[in-house]
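This report describes a protein model for a reader who is new to structural description. Please look at the sequence and the structure before reading on.

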Amino acid sequence: TFFNPSLIYVFLVLYFILISFLIYRVYKNEKNILTTLLWVLLFIFAPIVSILFYFILKQYLTKKSTTT
């Protein structure tokens, strides 16, 4: 095999920890239930793209809200 099976399990555990943390963070920060649901579904079905998009978008929105 190309990958060591134990290494795959480590990556899966880290993935689930990261996704759980992000879902918790979105749940605590978002007031709109539809926005929360959208982020959770994106994290589950498109994890890599949504994680990058979340951090970039949240940083942009945080900067924009503090300047106004």
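The sections below cover the model, its helices, its core and its surface.

## Basis of the model

The model is predicted: local features need a pLDDT of at least 70, side-chain atom pairs count only at pLDDT 80 or more, and totals for chains, interfaces and linings use all residues. Residues are numbered from 1 along each chain as its sequence is written, and side-chain values use heavy atoms, with hydrogens and water left out.

The pLDDT is the predictor's confidence in each residue, from 0 to 100. Its average over the protein is 80, and 85% of the residues score at least 70. Among the elements, α1 has the highest mean pLDDT (86) and α3 the lowest (74).

## Secondary structure

The protein has three helices and zero strands, in the order α-α-α along the sequence. Helices (H or I, at least four residues) and strands (E, at least two) are DSSP runs, numbered from the N terminus.

Contact means heavy atoms within 4.5 Å. Of the contacts between residues at least 6 apart in sequence, 47% join residues at least 24 apart.

## Buried residues and the core

Residues are called buried under 20% relative accessible area, exposed over 50%, and partly exposed in between (1.4 Å probe, protein chains only). Of the 68 residues in the protein, 18% are buried.

A nonpolar core is a set of buried Ala, Val, Leu, Ile, Met, Phe, Trp, Tyr and Cys residues joined through side-chain atoms within 4.5 Å. The largest one consists of seven residues: Ile19, Leu22, Val26, Trp39, Phe43, Ile51 and Tyr54. Two or more residues each come from α1 (5–29), α2 (33–45) and α3 (47–67), and α1 gives the most, with three.

Beyond residues up to four places away in sequence, Ile51 touches Leu18, Ile19, Leu22 and Phe43. Ser50 lies in helix α3 and counts as buried because its relative accessible area is 4%.

## The surface

Accessible areas come from the Shrake-Rupley method with a 1.4 Å probe; for residues, only the protein chains shown count as cover. The accessible surface of the protein is about 5,800 Å², and 76% of it belongs to carbon and sulfur atoms.

Phe3, in the segment before α1, counts as partly exposed because its relative accessibility is 48%.
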